[in-house]
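Here is a briefing on a ligand site and on aromatic pairing. Please look over the sequence and the model before reading on.

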Amino acid sequence: MTEQRKSIHGTWSSKWTFILAATGSAVGLGNIWKFPYMAGDNGGGAFVLVYLACIVVIGIPIMIGEIMIGRRGRSSPANTMRFLAAEANTTKAWTMLGATGALAGLLILSFYSVAAGWAMAYVFSGFQETSAQAVSGNFEEFLADPVSLIFWHSLFIVITVIIVARGILKGLEAWINTLMPMLFLIIILLCIYAMQTGAFMEGLVYLFKPDFTKINSDVLLAALGQAFFTLSLGMGAIMAYGAYMPANQNILKTAFVVAALDTGVALLAGIAIFPIVFANGLAPTEGPGLVFVTLPIAFGNMPFGVFFGTLFFILLSIAAISSSISLIEPGVAWFVESLKTKRSYAAITLGAFAWSIGVFSALSFNLMSDFKIFGMNFFEFTDFITNQIMLPLGGIFIAIFVGWVMKKQNVLEELQIKEGFIFNVWFFLLRFIAPVLVGLVLVYFFI
Ligand code: PHE
């Protein structure tokens, strides 16, 4: 009945574009860097199982809700929430959800950029070493050097800011159409390499055979946080992209496609990495360095390894950029709308903010390594607060807003579906299961 609000920022020309952009946001360091080391730190199979359950039962339903909110509001997450709150005759306080989400995005960007800097630096690493010892030594040496970490961190932020300042849509399609499939192919190649390390089965068992005794509140929260992080949920990135989505696109199908692609890449990365870990006597609990001490061994030992290794880290850096632009976009879009600033000013200001916080993350591997907050260094702490607290909380509020605050007929209208089995399952998951489970995990963790 109501004609949809026109987006201030325009809409994407084709349905494909939203899928590309959302996949570009979702697939990034979260899949290739974070997923494997989180799985390794949290006991392997048990973590993976909980993570997959979180994707299906919590992640996909919330993703559908977040896209739907974004498309209905058609502006930056903060203003979208304000508009939809008004439409539902409720308090303007919901604007806060968009605002805190934008802040979460900048905080994530601050450390994401440090890790993305590692990926960029590895483009030039040459892949000459073949032993685990030499490769680990190189990584440790690299982390000990504050100047180069800050250099690569700065470069990554600058690239992100330039792309966002020019408007996120330019160039995005080309990347995802051609480069993302290439990244996918190299990961398959790495899986093939992993098959002949002699520890392939060991890796698979580690990743897919859950040891239920390992599940505790830490593992639950880590897996839940990872599900939000990898799907880019709970802070408005997907909402911001939803604002550009054509009115006639099927939101449910789209969410499934994006989640499936994202999960596929993460699992393949795990399948490639763990056999290398075991074959080389490394520990799965290596932490954030895990990909940087495993994959270079593979590239060092395979034919044309220099070529594939260099290409891999170029593609990984680009995958990180297509995620980082969505981390800053909620804030930038909001600045542009509310303060009427130029995109470039907004991008530079917010980029500088994320950069300065990120400097402390870069330093937490060297000069500030003794500085601990609740036993975590600055990098780990920002990661923890954002992924495991802010994103799940944002997710609960998104679920509550769609499930309890919005008028059901508006939800149906925006999703363009009829009330039926699929809708009912989704709505039930969103109203009850997602907020209750996320709430329980958070409460369980804190007590
Ligand atoms: N999903 C991205 C990744 O896996 C990170 C991200 C998180 C992007 C939250 C946007 C919002 O790398």
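Which of the 15 residues around the ligand come nearest? They are Ala26, Gly30, Tyr112, Phe229 and Ser232, where a residue counts as near if one of its heavy atoms lies within 4 Å.

This is a predicted model, with local features needing pLDDT of at least 70 and side-chain atom pairs pLDDT 80 or more, while totals for chains, interfaces and linings use all residues. Residues are numbered from 1 along each chain as its sequence is written, and side-chain values use heavy atoms, without hydrogens and water.

**Ligand contacts**
- Polar contacts here are pairs of N or O atoms within 3.5 Å.
- An oxygen atom of the ligand lies 2.8 Å from a backbone N or O atom of Gly30.
- A polar backbone atom of Phe229 is 2.8 Å from a nitrogen atom of the ligand.
- The side chain of Ser232 has an N or O atom 3.0 Å from a ligand nitrogen atom.

- Helix H1 (15-26), helix H2 (29-41), helix H10 (217-230) and helix H14 (305-339) each give two or more residues to the shell; helices are DSSP runs of H or I, at least four residues.
- The shell holds seven nonpolar, eight polar and no charged residues, with Gly counted as polar and Asp, Glu, Lys and Arg as charged.

**Aromatic pairs**
- The count is 42 aromatic pairs, with ring centres within 6.5 Å.
- Phe35 and Phe47 form a tilted pair, 6.4 Å centre to centre and 45 degrees between planes; stacked means under 30 degrees, edge-to-face over 60 and tilted the rest.
- Phe35 lies in helix H2 and Phe47 in helix H3 (residues 45-73), so this pair ties together parts twelve residues apart in sequence.

Conventions:
Polar contact = N/O pair within 3.5 Å; in protein donor to acceptor, adjacent residues only side chain to side chain. Phe/Tyr/Trp six-rings, centres within 6.5 Å; stacked < 30°, edge-to-face > 60°.
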